[in-house]
Amino acid sequence: MSPTPAQRRAGTGRYHHGDLRAALVDAAVELIAERGLRDFSLAELSRRLGDSVAAPYRHFADREALLAAVAVRALGVLGEKVIGDAAAAASPADRLAAMARDYVRFAGEQRALFDTMFAAGIDKTGYPEVRQAEEPIDAAIQACVRELCPGDLAAAKALESALTATAHGFATLLLDGTYGTGAIEAAAQQAGCAARAIIAGRSALA
């Protein structure tokens with residue numbers, strides 16, 4: 001069996017200085033992708049990396065702490081994609097539609113990361129780095145809705161909530177198997193269309 005990316009990063013089971021934390025996060029993503037969050041454990045993670053059961057505790061206090069690090073990774077990947085694509089769009093409506101599409105694509109293409117962000121039960125009050133990782137995405141959305149609702153923070157907030165719920169709803173439907181052939185792109189395009197419909201009818205949100 002060929003080594004996993006995490007094992008290649010870790011070498012032969014003894015880590016080069018500074019590599020253990022990154023290798024643990026890499027291996028955690030791989031294991032969650034294979035088994036899901038329910039069957040994810042630090043013991044199995046250590047076994048896969050060829051090290052002692054105590055190895056993860058050199059960098060993470062417990063399972064939740066490691067999952068928080070995976071969530072930070074996930075938010076970084078998501079943020080780079082949605083913010084990068086949105087920057088190329090001409091109008092705030094175009095940017096928000098692009099964000100909705102990318103959000104759904106991320107859920108379909110990076111399910112292990114997506115699930116860790118939302119299904120891991122991480123207490124964000126104990127991991128401020130997770131909240132910090134969310135901030136660039138939130139700021140990009142808020143800049144768009146404020147541009148669409150100038151001088152009306154309540155309307156901007158209502159629009160933000162509706163758009164976020166819509167994108168997340170399409171992502172959840174996708175992961176639940178609602179869509180068939182071409183599932184990811186079909187769901188992504190519908191999410192983008194729904195975002196535009198909400199923006200067009202935003203006065204009704206009041």
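The lining of the largest pocket is made up of 17 nonpolar, three polar and five charged residues (nonpolar covers Ala, Val, Leu, Ile, Met, Phe, Trp, Tyr, Cys and Pro; charged covers Asp, Glu, Lys and Arg; the others, Gly among them, are polar). The model is a predicted one, where local features need pLDDT of at least 70 and side-chain atom pairs count only at pLDDT 80 or more, while totals for chains, interfaces and linings use all residues. Residues are numbered from 1 along each chain as its sequence is written, and side-chain values use heavy atoms, with hydrogens and water left out.

The largest pocket holds about 540 Å³ of space. Of its 25 lining residues, Tyr-103, Ile-137, Asp-138, Ile-141 and Thr-164 are the closest to the centre. Two or more lining residues come from each of helix H4 (63-87), helix H5 (92-109), helix H6 (111-119), helix H7 (128-148) and helix H8 (153-175), and H8 gives the most, with seven. (A pocket is an open set of points on a 1 Å grid where a 1.4 Å probe fits, with protein on both sides within 12 Å along at least five of seven lines; lining residues have an atom within 4 Å of a point. Helices are DSSP runs of H or I with at least four residues.)

As for packing, H6 and H8 meet at an angle of about 125°, with axes 13 Å apart. On the H6 side, Arg-111, Phe-114, Asp-115 and Phe-118 meet His-168, Ala-171 and Leu-175 of H8 (contact means heavy atoms within 4.5 Å). That contact has four nonpolar, one polar and two charged residues.

How values were computed: Grid points are joined across faces, edges and corners, and a volume is the space filled by probe spheres set on the points. Axes are lines fitted to C-alpha atoms, for helices over the stretch in contact, and angles run from 0 to 180 degrees between N-to-C directions.
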